[in-house]
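Work through the exercises below with the sequence and the model in view. Try each task before reading its solution.

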Amino acid sequence: MSDLQIPEPVAGFIDTVNAHDDQGFLDAFTSDGVVDDWGREFQGREAVKAWSDKEFIGATGILTPEEVTVDGNDVTIVGDWRSTHANGRSSFAFIIDGDKLSRMTIREG
């Protein structure tokens, strides 16, 4: 990952995810943050946690970034996702709000 220039807070978020740190994962989002997982939207801490416990952090996922695109506060990471829930090349699009993430949108990479 060292050759990719991934800006904060996205770089730290990926480290947190790969460490399966559920508290750090939740803390990375704004209080009304949204996860859009292939069109299913989860807004707010409780909804995001319930989704993550089953399908993201709870699925012991590892994201290996392969591409990064930065456009202002929008950062998109395309990489290989491996977990007990889902596997494959995926796109993770983030909207940054200060030092937090306001949205993460997951689609096919």
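## Exercise 1: The surroundings of T30

In this predicted model, T30 touches D97, K100, L101 and S102, leaving aside residues up to four places away in sequence.

Task: Find the element that holds T30, and decide whether T30 is buried or exposed.

Solution. 
- Step 1. Locate the residue: T30 belongs to strand β1, which covers residues 29-37.
- Step 2. Take the relative accessibility of T30, which is 16%.
- Step 3. Compare this value with the cut-off: buried means under 20% relative accessible area. T30 therefore counts as buried, at 16%.

## Exercise 2: The sheet

Task: Give the order of the strands in the open sheet, name its edge strands, and describe how β1 is joined to β6.

Solution. 
- Step 1. List the strands: six of them form an open sheet, in the order β2-β1-β6-β5-β4-β3, with mixed pairing.
- Step 2. Look for strands that pair on one side only; these edge strands are β2 (40-43) and β3.
- Step 3. Consider the angle between neighbouring strands of this sheet: on average they are turned by 20° against each other, direction ignored.
- Step 4. Turn to β1 and β6, which run parallel and are joined by five bridges.

## Exercise 3: Helix α1

Task: Identify the buried residues of helix α1 and the elements they pack against.

Solution. 
- Step 1. Look past the end of the helix: α1 is followed by H20, which has a positive phi, near 60°.

## Exercise 4: The largest pocket

Task: State the volume of the largest pocket and describe its lining by position, element and class.

Solution. 
- Step 1. The volume of the largest pocket is about 190 Å³.
- Step 2. Its lining consists of 14 residues, and those nearest the centre are D37, W38, W81, A86 and I106.
- Step 3. Assign the lining to elements: α3 (45-55) and β5 (87-97) are those that give two or more residues. The largest share, five residues, comes from β5.
- Step 4. Sort the lining by class: seven residues are nonpolar, four are polar and three are charged.

Notes
Residues numbered from 1 in each chain as written. Predicted model: local features only at pLDDT ≥ 70, side-chain atom pairs only at ≥ 80, totals over all residues. Heavy atoms only, no water. 1 Å grid on protein atoms, 1.4 Å probe; cavity = no way out; pocket = protein on both sides within 12 Å on 5 of 7 lines; lining within 4 Å. Points joined across faces, edges and corners; volume = space filled by probe spheres on them. Helix = DSSP H or I, 4+ residues; strand = E, 2+ residues; numbered from the N terminus. Nonpolar A, V, L, I, M, F, W, Y, C, P; charged D, E, K, R; others polar. Buried < 20%, exposed > 50% of the residue type's maximum accessible area, 1.4 Å probe, protein only. Contact = heavy atoms within 4.5 Å. Pairing = 2+ DSSP bridges. Axes fitted to C-alpha atoms, helices over the stretch in contact; angles between N-to-C directions.
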